[in-house]
Amino acid sequence: MSQTLAYQFNRLLRGSVPFAITVLLALMSVVPIGISGYAIVTPSFAAISVFYWSIHRPYLMGAPLCFVLGLLSDFLTGAPLGLSSFLYLLIHAIAVSQRRIFIGKAFVLTWFGYFLIAFIIAILSWIIACLYSLAILPLTPILVQYALSLLVFPLFAWGFGMLQNNLLRLT
Amino acid sequence: MAPRQGKVFKLAWPLKTIIQRSAFLALISLAIALLFLGKANIGVVEKMRTTATDFLAPILATISEPVDAFHKGVARVQKLTSLIEENERLREENARLLKWQAAGRTLEQENENFRQLLNALSDPLVLPITARVVGDSGGPFVRTLLLNAGRRDGVRVGQAVVAPLGLVGRIAEVGERSARVLLLTDLNSRIPVVMEKSRHKGILVGDNSSSPLLDFLPTNAKVAPGDRVVTSGDGGMLPAGRPIGFVSSVTERGIRVQAYADWTRLEYVSVLRYDLPGMSSPDMNPGDLGESRLDAK
């Protein structure tokens, strides 16, 4: 009995890794680094994580978790509350519906998928932010952020892949 | 966690999809509702934000500790390479500043004498609260900072936040032990300013770009690049005469101001507790020294 309990606990811990890692990434993205202008164009690490896990372990990165993660990022960054939740939910929905295309294919395809989805999300977030503040916001920082996210994506995907192979093989 | 494959599961599959879909839609609607509630400035949303930042600020403070240490180490190594030049430069600067100090002392005394002669009211006391920056905006939509000082330290909404070189912004939200600073570059930032020389008053309007717009100047005001811009103290929340920046460009589309503050090196900032006797309510801006936890020391 105790063995099964320990097993269940182990499973639960391993299962919460995607969520925990995304929380950590959301926290890391607001830590002041001290690079000029970096604060504005910090890649959205949490969005990358949501995208990756929605493809590879959708049941460990469900819609409610995406919502909570979005709230967390908005609390951290001071962005309009609900904005990131909305965007993460969209990323999640698109990724889950298209995951058959990405699973088991070359990594480049996933990267390309992120290239498309993140672009849609960037433009959409810009439109929402403009509507929210009733002003035309500068588009450049958003595009730079998008480009940076795209650049760091392989690195994160590689790290997540390692985690997935070592910790989450059984889940 | 993995969906268990079985007969029951197969039967329940459509039901599960329906539940998942509706949950997804509910969450999307909730997110949109939150956006609207936030836009409507409902107190609940702000309360949620401040509670969350109160909880998150200590965690961020812990995480940023090693980053700060690393950053300091790098800066130290960088300084080591230019030690001699730096020393030479500082010596010269010190000699120059000593002259200025002498001049400043004389002027201060003279000013004090004139004040006494005219029986002029002196400026109210400004008390700085030093707070650590534990979070930056981390995204393109807002220009904010998160501080690890809050209401219990005497921080209130509206107070000025200054870095060593100049004004950074104002306090926008206050929790019990955390506060959010709206930087003067943020879209929602409006700061009453005055041109240091000509004494023309205006408003510094942030627009999410790196150099905010100087607006609402009188039409006859003459402005040239390089003119210094300081706080005017209008509105009673900010002390007058604090340096903000200099005019960087004057075009037909507007006057741009470059802030003095070094945005990359905001590790610690001062929140200015400032009280105009009889003008600000103690709840908004405490002048009572006994209240703050910091003053107990």
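Me: What does B:Arg132 form a salt bridge with?
Reply: B:Asp68. The closest N and O atoms of B:Arg132 and B:Asp68 are 3.4 Å apart. Keep in mind that this is a predicted model.

Me: Where do the two residues lie?
Reply: B:Arg132 is in strand β1 (residues 126-136) and B:Asp68 is in helix α2, both of chain B, so the pair ties together parts 64 residues apart in sequence.

Me: Is B:Arg132 buried or exposed?
Reply: B:Arg132 counts as buried, at 8% relative accessibility. B:Asp68 is buried too, with a relative accessible area of 10%.

Me: Which residues are linked with them in a network?
Reply: B:Glu65 joins B:Asp68 and B:Arg132 in a network of salt bridges.

Me: How many salt bridges are there over all chains?
Reply: The search of the whole structure finds 10. One of chain B's pairs B:Lys72 with B:Glu267, at 3.7 Å from N to O. B:Lys72 sits in helix α2 and B:Glu267 in the loop between β11 (254-259) and β12 (268-274), so this pair ties together parts 195 residues apart in sequence.

Me: What about B:Asp207 and B:Arg256?
Reply: Their side chains meet in a salt bridge, 2.8 Å from N to O. B:Asp207 is in the loop between β7 (201-205) and β8 (213-215), B:Arg256 in strand β11, 49 residues apart.

Me: New topic. Which residues make the nonpolar surface patch?
Reply: B:Leu37, B:Ile42, B:Val44 and B:Met48, covering about 310 Å². B:Ile42 is in the loop between α1 (7-39) and α2 (43-81). B:Ile42 is partly exposed, at 35% relative accessible area.

Notes: Residues numbered from 1 in each chain as written. Chains lettered and ligands numbered in written order. Predicted model: local features only at pLDDT ≥ 70, side-chain atom pairs only at ≥ 80, totals over all residues. Heavy atoms only, no water. Patch = residues over 30% accessible without salt bridge, like charges linked within 9 Å, V, L, I, M, F, W, Y side chains within 5 Å. Areas by Shrake-Rupley, 256 points an atom, 1.4 Å probe, with all protein chains shown as cover. Salt bridge = Lys/Arg side-chain N within 4 Å of Asp/Glu carboxyl O. Helix = DSSP H or I, 4+ residues; strand = E, 2+ residues; numbered from the N terminus. Buried < 20%, exposed > 50% of the residue type's maximum accessible area, 1.4 Å probe, protein only.
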